[in-house]
Each structure stands twice: as structure tokens, then as C-alpha cells.
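Let's take a friendly walk through a protein model, one piece at a time. Have the sequence and the picture open as you read.

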Amino acid sequence: MVSPLVALTPTVSAAIAAALGEEYRDADPVLRPSQFADVQVNAALALAKKVGRAPRDVAAAIVEHLDVDGLADSVEVSGPGFVNVRYSDDWLAGLLADVVADDRVGVPTEARQTIPIDYSAPNVAKEMHVGHLRTTVVGDSLARTLEHLGHRVVRQNHVGDWGTPFGMLIEHLLEVGEHSSEAELLGTDPNAFYQAARVKFDAAEKAEPAGSAGDFDTRARGRVVKLQAGDPDTLRHWHELLDLSKQYFNRVYRTLGVTLTDDDLAGESMYNDVLADICDELEAKGIATMSDGALCVFLDGYTGREGKPVPLIIRKSDGGYGYATTDLATIRHRVQKLGADRVLYVVGATQALHFRMVWDTARKAGWLTDDVEVTHVQIGNVLGADRKILKTRSGKPLRLVALLDDAVTTARSVIDGTRPDLDDDTRATIARQIGIGAVKYADLSVAHDSEYVFDLDRMVSLTGNTGPYLQYVVARIRSIFRQVGLDPQAQRTAVTLGEPTERALALKLLGFGDVVAEVGATYEPHRLAGYLFELAQSFSAFYESCPVLKAETDELKQSRLTLSALVLRVMVTGLDLLGVEAPEQM
Ligand code: ARG
């Protein structure tokens, strides 16, 4: 299975080599979409300077050697040195027939690699906030896509389940009792549980006289020491805390339709046993040194103000380990135990320096080798209408659950308006699909490292580059097939490309496999979102200008049904890779 672009590339490279010399065979042929042609070859502009000739001359020389027999029916130089290529209809129809027959609708299967993906990673006993929404949604889309491309994806939910707050959280849990309504908050509103523990702790700290053994703060501190020492009773309480938190995470994941399960939990605590080892090995290798009582790694090229070296602290002066130590253990585990070929970290952009320092240290230690590609997929902020980080009116970070509830309610009012004929249950299902799909799509349709403004009304709109617009195209095609009583999966006749909108739609459909492969290579799901939006627009244009059920001949009707069925299959596959549901009706 090849796309037009992939098929054309070696032909253009051969022409460049013949026109300009063998040394240019590997030059980028610069194939670009264009409104004046099916594809534009822009290599002449890029190469003109190098070969010391006018761009138009270079373009003419390339055209002279371009052997596009059967592949294109017109090739011409235009403007300052573009080469406009128009594919031949027969060739396109042939390629399209291959995609129609292919259950993967043109998506390649790549050589299998092992790819751990670190994503979501909320903190135990804290509410997931909007920031976690993005790492969860983008990470899940990358996991789905890389899996679909044939890779072994290992989901790693690096939850924050360890550290000093757990002393106070456990003490609070003990006081309120495991089966109390306060403890239940962990599964429904974990922030409230955390805040209650915090308030107690802060009050006890301020109270006089300080440091008496029965005080909450003193007990909390003692609990941290017991936890780190592996005291069985303390560990049991810690597990209780974790189990209640898991319920909360899972509820959010199920609501969002995210593929993470308990099996994917790989939190900070998982590495407790090896942290001492990590420090010892780094010290023995001379990579870590003592500084002001703390064990630190100083790396070349990391300096702060006035050229002062910035340390990566791996053991604090009180003997405790931190976020950096756990992440060193994590990368070693992923390379050595999981056998990673690539590792993705879908984490907030603010942690970029942390990861660079951790990986550079791991490279020095030999835990991270050159054959393993590590990438920080940087996640940008979600903003409110005031263009500041999204907060509630009281200034607290917005609860993810509240936000998702809002989205479904807003979608419900849309569907109540457009489909009053449907029964209550059906409308509820559709509202959930649209509401959640809208939030996820809005997130996935912008570059993962840029910021965006959270605007629910725009997100659930049925027009524009929104999830519901794409879902609507799916529902519309399904309704056409329901109307004629045909199965779109089985609709695989030959396609004729007569009308311009038919041809444009076919060209778009042929690009799906390339886009999915691109997302797998660049980790940018917004490219797939953009593609699906263009496909939806191409379909709408086709549907407006070409009668399907009322086509002039039965052959043409079958051909157009096949095109529509292929749009449906590509759309459903694409939305699934984004993690967005495709409704039966809307
Ligand atoms: N729990 C962290 C947070 O909420 C994110 C963890 C990301 N993964 C990692 N390996 N450090 O910010």
C-alpha cells in the first residue's frame, strides 16, 4: 500500500539526480500540497542556489527528466520555479481500490518496537486538575496510535504515590477511620481530603507548645519515617489510601474513555528499593558528589545566575530521596527491564530542565544508551477566558470532574435542541459522547506544547474545527447506510472519479496512512485532528455537489456509496486513534 506522495518521491528523486547530478539524489524533493495542483514539487527553489542556476531553469530540467508515465497526466513549471503535478485519474482510482480493500485503510504496519509511554501521572490524594487532562488525553492518543502502527506500547502511569505528604495523609485517615465518609472523599473529592489533612497539620504546627508527641504534626512526621523504613502497619494504611485514590483515577479514566487500567500503574513508590543503589552507583562512578550535606550531580552546561552550577539533588541532607532520584531509577528500569527502543514522557513543559538533567545523568551512568530515543512530549497550559491558567472563581485549580460534567451538560442542551425526536436515554448517550469528545478533541487539535483557551461553547459547536463536527459527519454517513439497509464495512465496489469534489475526496482519503505514520514519528496528534477536519470538509463538499442515493446510474451510486463508506471507515479509525467516540446518530 502506497500513498501518492510516497509513490512519487523516488520518481522525483531520480529526476533530480538525472537533471542536477547524482549527489542531489537524496536532497529533499519538497513535495507540498497546493491549490493549483495535486502536488507541487518545490525542490528547484531550494536547490537553485546550490547549483548556481535560476530556479525556473532548474525546475524545467527536473520536468525534462521526470518520468511520470501512468502516474500523472500533466506536469508543468509555474511561478518562480514550482512544478505542478496532476495525478492521472486511473492511477488514483487504482490506489484507492487498494485502500478500499485494506482493513487498515492504508495505515502501515511498522517494524515492532517497545515503547514505554509515561502519561497522566496524577498525584495520589489530590484532585486531578486540567493540567492532568492534557497529559492524559495526548498520552492516550499516542499510545493508541503507536499500538495501531504495530508497536509494543507499555503504558506507565507514574503516579505521585510517595513522599512527605503521606505521613499526614495516613494520620488523617487513621483519625477519621477507613470506612468513614471523610475517607470516602478520597474516591470522590480527593482534594477535600488532602485539604482537611493539611489544615490539621498546619494548625498543629502553629500550636504551642511545639513538638509534644501526641500532636498531629509530630505524628505525621513520625509516620513518614515509618513509611520509609517499611513498617508493615504503616504500609498497610498507605495501601488503603492508594486503593481509595485508585477508584477516583479510574472513574475519571472511564468517564474520559482513556485506556489506562490498574495494570499500568507504575508510580514513584515502585522504585523505593533501588534508590539507595542508584545513589551508591552514581557516587562510586564519580558522577555524584557531596555538597552541603546533599548528594548532587553537577553536569556541564547547566548553570544558573552568575554562572553558578545547578545541581541535580539525588539525596537530600536529611537522607531523603526526591523526584530526580525516582526518575533516574525510572529511566534505568524502562531501558534495562522493559527493553525500550523509544521512551516517551508526556509531561508538562515546565519539567523540561528536570528531564534533560535526569537523562544526561543516566547517559553518563550508562543506563541510557544512544540506541534508545527518549522524548519529552511537552504539554502546554490550559487557559481561562482571561488567558491565565484555568481556575475556578475562588481561585482554586479547576476540578477535572466538574469540568467534564459541565461539558456533558452543555452537549445535552445542544442535542435537546437538535434532536427532540430521540428518547431520553439515547439523548443522554449522545450528550456524553459529544461532551467528552468535544473536550478531548479541542485538546488534541492544538499543538501539544502550545497553550489554548478553554471555551466550552466553542468546543461543543457543530460547526468549525470541533469534535462534534467530525462526529456529525460519521453519524450522517451511518444514517445514509441505514436508509438503504447496507453495511458500510462491506461496501467495497470500484470507484470512478468524475467530479472534481470526488477526486479531491479520493486524494484526501489516500493521505490517511501517511498522517498516522507521521503522528507516530512526531508525537503530534494535532496533525491527525487537522487531517480529519479536512477530510470532513472534503466529504461535505462532495456530498453537496454529488448526489449519492439519487446518482444517475446504479454504478455511480455504488461508487459514491463506496467513497462515503471509506470516509466513514477512515473517520472512525482516526477518531478512535484520538480516543474520540463515533456516535451511531446525532
Ligand atoms: N506526578 C507528576 C506531576 O503531577 C508527573 C510525573 C511525570 N512523570 C515522571 N516520570 N516524572 O507533575
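Two strands count as paired if DSSP finds at least two bridges between them. The strands (E, at least two residues) and helices (H or I, at least four residues) are themselves DSSP runs, numbered from the N terminus.

Before going further, a word on where this comes from. The model is predicted: local features need pLDDT of at least 70, side-chain atom pairs count only at pLDDT 80 or more, and totals for chains, interfaces and linings use all residues. Residues are numbered from 1 along each chain as its sequence is written.

## The whole protein

The protein has 21 helices and 13 strands. Its C-alpha atoms fill a box of roughly 90 × 65 × 40 Å, taken along the principal axes. Of its 586 residues, 41% are buried. A residue is called buried if 20 or more other C-beta atoms lie within 10 Å of its own, exposed if 12 or fewer do, and partly exposed in between, with C-beta atoms placed from the backbone. Among contacts between residues at least 6 apart in sequence, 71% join residues at least 24 apart. Here, a contact means that the C-beta atoms of two residues, placed from the backbone, lie within 7 Å.

Which order do the strands have in the open sheet of three strands? The order is 7-8-9, with antiparallel pairing. Strand 7 (288-291) and strand 9 (309-315) stand at the edges with a single partner strand each, so one side of each has no neighbour in the sheet. On average, neighbouring strands of this sheet are turned by 50° against each other, direction ignored. Helix 13 packs on this sheet, where it touches strand 8 and strand 9, and its direction makes about 100° with that of strand 8. For such angles, axes are lines fitted to C-alpha atoms, for helices over the stretch in contact, and the angles run from 0 to 180 degrees between N-to-C directions.

Another open sheet has four strands in the order 1-2-4-3, again with antiparallel pairing. Its edges are strand 1 (31-32) and strand 3 (72-78); each has a single partner strand, so one side of each is left without a neighbour in the sheet. Strand 2 (residues 39-41) pairs with strand 4 (residues 82-87) over three bridges, and Gln40 has Asn84 as its bridge partner in strand 4. Helix 3 (residues 55-65) packs on this sheet and touches strand 2, strand 3 and strand 4, its direction making about 165° with that of strand 3.

Strand 10 is mostly covered, with five of its seven residues buried. The table shows its two pairings.

| Strands | Sense | Bridges | A partner pair |
|---|---|---|---|
| Strand 10 (residues 342-348) and strand 11 | parallel | seven bridges | Val346 and Val377 |
| Strand 5 (residues 114-118) and strand 10 | parallel | two bridges | Asp118 and Tyr345 |

Tyr345 also stands opposite His376 in strand 11. Strand 11 (residues 373-379) is mostly covered too: five of its seven residues are buried. Together with helix 13 (residues 352-365), strand 10 and strand 11 make a right-handed β-α-β unit. Right-handed means that, with the strands pointing away from the viewer, the path from the first strand over the helix to the second runs clockwise.

## Around the ligand

Which residues surround the ligand? They are Asp118, Ala121, Asn123, His158, Gly160, Asp327, Thr330, Tyr345 and Val347. Helix 12 (323-337) and strand 10 are the elements that give two or more residues to this shell. A residue is near a molecule if its C-beta atom, placed from the backbone, lies within 6 Å of it.

By class, the shell has three nonpolar, four polar and two charged residues. Ala, Val, Leu, Ile, Met, Phe, Trp, Tyr, Cys and Pro count as nonpolar, Asp, Glu, Lys and Arg as charged, and the others, Gly among them, as polar.

## Two residues with positive phi

Ala121, one of the residues around the ligand, lies in the loop between strand 5 and helix 5 (130-148). Its phi is near 45°, a positive value in a residue other than glycine. Ala121 counts as buried because it has 22 C-beta neighbours inside 10 Å.

Tyr523 is not a glycine either, yet has a positive phi of about 60°. Tyr523 is found in the loop between helix 19 (512-522) and helix 20 (526-545). With 23 C-beta neighbours inside 10 Å, Tyr523 counts as buried.
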